[in-house]
Amino acid sequence: MNIIILDDIATDRVILIHFLKRFFKEQGITTQYTITEYESGEDFFADDSTVDCDVIFIDYYMHEMSGMDVAKKIRKRGENVPIFFTTSCPDYAIESFLVKASGYLLKPCKYEEFEQLLLFCDSFKSMIESIINRGEKEKLASDVAEYFRSKYSLDELKALSIGGAYDDL
């Protein structure tokens with residue numbers, strides 16, 4: 001799994017990296033992943049390897065090229081990668097849907113907010129499917145099912161209606 005963090009503030013990138021590592025550990029996701037950091041949209045687009053990524057976290061406010069400009073350019077390239085905006089201002093949350101953003105986190109965010117965003121968005125489910133397609137289906141499915149069973153009641157799981165994943169409970 002290839003994860004991109006695009007933010008001009010180093011401490012914000014470090015926080016996201018910490019959140020991601022904690023999230024994968026708590027979910028029992030053991031697949032190999034890489035996290036690549038970029039300080040600007042220009043640096044991101046200068047790297048040809050960014051085409052092959054599974055999820056991108058983008059700060060909205062950056063120098064020269066905004067996070068929205070980066071997202072628009074990603075979509076213009078035809079990429080359907082999940083994009084999560086991270087920003088200190090709620091003003092652009094609605095606009096983020098124009099580029100089919102998977103989520104919008106307000107800084108500073110707490111780990112619990114980050115976790116909830118990933119657990120309840122379609123992009124997270126897409127990331128899980130991507131991992132499953134890479135050969136860890138049985139272990140991952142078991143780990144994810146166990147995690148949800150430990151956090152939610154059967155009625156809550158059925159109400160979530162996660163692609164029929166809990167129809168056989």
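Start with the strands: 5 of them form an open sheet in the order 2-1-3-4-5, with parallel pairing. Strand 2 (34-38) and strand 5 (103-106) stand at the edges with a single partner strand each, so one side of each has no neighbour in the sheet. From one strand to the next, the twist averages 20°.

Some ground rules. This is a predicted model, in which local features need pLDDT of at least 70 and side-chain atom pairs count only at pLDDT 80 or more, while totals for chains, interfaces and linings use all residues. Residues are numbered from 1 along each chain as its sequence is written, and side-chain values use heavy atoms, leaving out hydrogens and water. Helices (H or I, at least four residues) and strands (E, at least two) are DSSP runs, numbered from the N terminus. Two strands pair if DSSP finds at least two bridges between them.

**Stop 1: inside the sheet.** Select residues 2-6 and 55-59. These are strand 1 and strand 3, which run parallel and are joined by 4 bridges. Find isoleucine 5: phenylalanine 57 in strand 3 stands opposite.

Contact here means heavy atoms within 4.5 Å. Axes are lines fitted to C-alpha atoms, for helices over the stretch in contact, and angles run from 0 to 180 degrees between N-to-C directions.

**Stop 2: helix 3.** Select residues 67-76. Which residues of helix 3 are buried? They are Gly67, Met68, Val70, Ala71, Ile74 and Arg75. They cover an arc of only 160° around the axis, so they lie on the same side of helix 3. The arc is that of the directions from the helix axis to the C-beta atoms. Buried means under 20% relative accessible area, exposed over 50%, and partly exposed in between (1.4 Å probe, protein chains only).

What covers these buried residues? The cover includes strand 1, helix 2 (41-46), strand 3, strand 4 and helix 4 (93-96). Just after helix 3, click glycine 78, which has a positive phi of about 90°.

**Stop 3: charged pairs.** Side chains of opposite charge can pair when their charged atoms come close. The model has 7 salt bridges, each a side-chain nitrogen of Lys or Arg within 4 Å of a carboxyl oxygen of Asp or Glu.

Select lysine 107 and aspartate 12. Their side chains meet in a salt bridge of 2.9 Å, N to O. Lysine 107 is in the loop between strand 5 and helix 5, and aspartate 12 is in helix 1 (residues 10-27), so the pair ties together parts 95 residues apart in sequence. Aspartate 12 is buried, at 18% relative accessible area.

Next, arginine 13 and glutamate 37. The closest N and O atoms of this salt bridge are 2.8 Å apart. Arginine 13 in helix 1 and glutamate 37 in strand 2 are 24 residues apart. Arginine 13 is buried at 8% relative accessibility, whereas glutamate 37 is partly exposed at 38%.

Finish the pairs with glutamate 26 and arginine 22, a 2.8 Å salt bridge. They sit 4 residues apart in helix 1, about one helical turn.

**Last stop: cysteines.** Select cysteine 53, buried at 10%, and cysteine 89, buried at 14%. Look for disulfides (cysteine sulfur atoms within 2.5 Å), and the count is 0.
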